[in-house]
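Keep the model open beside you and try each task before reading its solution.

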Amino acid sequence: MILTDDQRQLADMTRTFMGEEGTIKKQLRHWRDIGCKDGFGHGLWKQMAELGLTGLAIPEEEGGLGLGTTEAALVMEEVGRNLTPSPFLTTSIVAVEALKGSEQGKRWFPGILSGDTIAAFAIDEGPHHRPRQIALEAKRSGNGFALSGSKQFVVHGASADLLIVAARTGGSAGESKGLTLFAVPRDAAGMTVENVALADASKAARITFEGTQIDADAVIGEVDGGWEPLRRAMRAGRTGAAAELVGVAAGASAMTVDYLKQRKQFGKLIGEFQVLQHRAAHLFGEIEIARAATFKAAELLDRGDERAGVMTHVAKAKAGRVSALAVQEAVQMHGGIGMTDEHDIGLYMKREKVLDALFGDANYHARMVQAA
């Protein structure tokens, strides 16, 4: 992967910042251990805003940096490497991509830029990621719409100021036509939010809409034309999640290699045993392949290449499987200590499990590649 000078500077800056301010001790463990309802720190989010990261993908004419999916992936890899809990993926990547070019973007971008706004993406309704199966209903009501149905696995849903909700205004479940995206503020009446702690201590929500009334201007884009911004946002989200998975894999691998160089057994460093060297070398190669697939997907998205859609599926599938391999190998090579909460390596396994399911797991994306 060849980066431009600006991209290298961004990667170096983000690596330093996350390595100092986004550490497991300062962020993940701290917010988990105090029982924080958000699962992340708003102070760190503000710091990211001061660095310009929250508006990284917002167009320049809207006050952002106007950068692309590749730059967002560079940030996400460092987020994954440090297991840093933040709303960067849901807000600065997915929500921004959905809002681009819309009147709602003009309303919400300033808050995202300043670090005052958190956004969540409400797509999934069942136990698996099936975006074409959306059934939540949006019926015409007065000067707007009434939303009825439910969503689950809405990451940061209970903390969000803005919910981007995919609902059906026409067609039937299983079709891409007849979908509409809505920008729903957190104080909308008729909405029940249940905050749920996930395995990695992050938070997601189950949201029930009971005739939730929203104005017509809450529509993002066109009525019945929500599939295009939804697909655009999902592709950006999948690539961002893949980059974070690569970071998780790289972080777990680096911690494990360091352990191999310190732990002694039978009077020798365990890193001197050839079988462990082979496993570590194999994992290194797999991580590099996953990284290459992820940044190829980002590059194609930035170029508007017609192959980008398929490549996002490839990236998410490969990154998911490689990250799973990395955390499994990491825990095994650490031995018994890898199963304890006192050691950080187990936290990588927990994050991988949650992140793999976000925007579809590896099996889902492998099937999508096969069907392409």
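Throughout, buried means under 20% relative accessible area, exposed means over 50%, and partly exposed is in between, with a 1.4 Å probe and protein chains only. This is a predicted model, in which local features need pLDDT of at least 70, side-chain atom pairs count only at pLDDT 80 or more, and totals for chains, interfaces and linings use all residues. Residues are numbered from 1 along each chain as its sequence is written, and side-chain values use heavy atoms, with hydrogens and water left out.

**Exercise 1. Find Ala201 and Asp224, and say whether each is buried, partly exposed or exposed.**

Solution. Helices (H or I, at least four residues) and strands (E, at least two) are DSSP runs, numbered from the N terminus.
- Step 1: Ala201 sits in the loop between β6 (191-197) and β7. Its phi is near 80 degrees, a positive value in a residue other than glycine.
- Step 2: With a relative accessible area of 17%, Ala201 is buried, because buried means under 20%.
- Step 3: Asp224 belongs to the loop between β8 and α7, and its phi, near 70 degrees, is also positive in a residue other than glycine.
- Step 4: Asp224 has 38% relative accessibility, so it counts as partly exposed.
- Background: most residues other than glycine have a negative phi.

**Exercise 2. Trace the strand pairing around β5 and around β3.**

Solution. Two strands pair if DSSP finds at least two bridges between them.
- Step 1: Start at β5 (residues 179-185), where six of the seven residues are buried.
- Step 2: Strand β4 (residues 162-168) pairs with β5 in the antiparallel sense over seven bridges. Here Leu163 has Val184 of β5 as its bridge partner.
- Step 3: β5 also pairs with β8 (residues 219-220), antiparallel and over two bridges. Leu181 stands opposite Ile220 in β8.
- Step 4: Now take β2 (residues 137-141) and β3 (residues 144-155), an antiparallel pair with five bridges. Ser141 is bridged to Gly144 in β3. Two residues lie between the strands of this hairpin, and Gly142 takes a positive phi near 60 degrees.

**Exercise 3. Which residues have the most contacts inside the largest nonpolar core?**

Solution. A nonpolar core is a set of buried Ala, Val, Leu, Ile, Met, Phe, Trp, Tyr and Cys residues joined through side-chain atoms within 4.5 Å.
- Step 1: The largest core has 80 residues, and those with the most contacts inside it are Phe121, Ile164 and Leu230. Helix α7 (residues 227-260) gives the most to this core, 13 residues.
- Step 2: Take contact as heavy atoms within 4.5 Å. Leaving out residues up to four places away in sequence, Ile164 touches Ala95, Ala98, Leu99, Ala120, Phe121, Ala122, Leu181, Phe182 and Ile220.
- Step 3: Another core, of 21 residues, lies apart from the largest one and includes Val165, Phe182, Ile207 and Ile214.
- Background: in soluble globular proteins, nonpolar side chains tend to be buried together.

**Exercise 4. Describe the surroundings of Leu276.**

Solution. 
- Step 1: Leu276 is part of helix α8 (residues 274-303).
- Step 2: Its relative accessibility is 13%, so Leu276 counts as buried.
- Step 3: Not counting residues up to four places away in sequence, Leu276 touches Leu260, Ile270 and Met333.
- Step 4: Leu276 and Val257 are 19 residues apart in sequence, with a C-alpha to C-alpha distance of 9.6 Å.
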